[in-house]
Amino acid sequence: MQFDRKALDRLLMLNDKQLEQVVRKLATDYGLDLTTLNVNTTNMQELRRALRHADDSTLRNLGEQLKNGRLKP
């Protein structure tokens, strides 16, 4: 998966419920455990803030981490 500014902008345009669903779907698809992060609609503003302030290097690293994850066929 590649994260760039365009993809990030599309994610940020989603409402809280939609963004939560995308995060959960990515986690499931890539075998990530979100239980310790307590991802829900109440903390989507924190996620939005982090994504909004992510620099290009951080986005590349996130994409690489997902790419190296366990994507299910």
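This is a predicted model: local features need pLDDT of at least 70, side-chain atom pairs count only at pLDDT 80 or more; totals for chains, interfaces and linings use all residues.
Buried here means under 20% relative accessible area, exposed means over 50%, and partly exposed is in between, using a 1.4 Å probe on protein chains only. Residues are numbered from 1 along each chain as its sequence is written, and side-chain values use heavy atoms, with hydrogens and water left out.

**The overall layout**

- The protein chain has four helices and zero strands, where helices (H or I, at least four residues) and strands (E, at least two) are DSSP runs numbered from the N terminus.
- Going along the sequence, the pattern reads α-α-α-α.
- Of the 73 residues in the protein chain, 29% are buried.
- Contact means heavy atoms within 4.5 Å. Take the contacts between residues at least 6 apart in sequence, and 75% of them join residues at least 24 apart.

**Helix α2**

- Helix α2 covers residues 16-30, and its 15 residues should span 21 Å at 1.5 Å a residue; the end C-alpha atoms are 21 Å apart, which agrees. The expected span of a helix is 1.5 Å times one less than its number of residues.
- L19, E20, L26, A27 and Y30 are the buried residues of α2. Seen down the helix axis, they fall within an arc of 130°, so they line one face of α2. The arc is that of the directions from the helix axis to the C-beta atoms.
- The cover over those buried residues of α2 includes α1 (5-12), α3 (44-52) and α4 (56-67).
- E20 sits in helix α2 and counts as buried at 8% relative accessibility. Leaving out residues up to four places away in sequence, E20 touches V39, N40, T41 and M44.

- At the N-terminal end, N15 is the cap of α2: a side-chain oxygen lies 3.1 Å from the backbone nitrogen of K17. For reference, a polar contact is a pair of N or O atoms within 3.5 Å; within protein, one must be able to donate a hydrogen and the other to accept it, and residues adjacent in sequence count only if both atoms are side-chain atoms.
- K17 itself lies in helix α2 and counts as partly exposed, at 47% relative accessibility.
- After α2 comes G31, with a positive phi near 70°. G31 belongs to the loop between α2 and α3 and is partly exposed at 26% relative accessibility.
- G31 and L66 are 35 residues apart along the chain, and their C-alpha atoms are separated by 9.3 Å.

**The loop between α2 and α3**

- T42 is in this loop, between α2 and α3, and counts as exposed at 69% relative accessibility.
- For K17 and T42, 25 residues apart in sequence, the C-alpha to C-alpha distance is 9.5 Å.
- N43 is also found in the loop between α2 and α3, but N43 is buried, with a relative accessible area of 16%.
- Not counting residues up to four places away in sequence, N43 touches L37 and N38.

**Helix α4**

- α4 has 12 residues and reaches 16 Å from its first C-alpha to its last, close to the 16 Å expected at 1.5 Å a residue.
- The buried residues here are L59, G63 and L66. They cover an arc of only 65° around the axis, which puts them on the same side of α4.
- Those buried residues of α4 pack against α1 and α2, while R60 and Q65 are exposed on the other side of α4.

**The largest pocket**

- The largest pocket holds about 580 Å³ of space. Its lining counts 24 residues, and the closest to the centre are V23, L34, L37, L47 and L62.
- The elements giving two or more residues to that lining are α2, α3 and α4. The largest share, six residues, comes from α4.
- On a 1 Å grid over the protein atoms alone, a pocket is an open set of points where a 1.4 Å probe fits, with protein on both sides within 12 Å along at least five of seven lines; lining residues have an atom within 4 Å of a point.
- Grid points are joined across faces, edges and corners, and the volume is the space filled by probe spheres set on the points.
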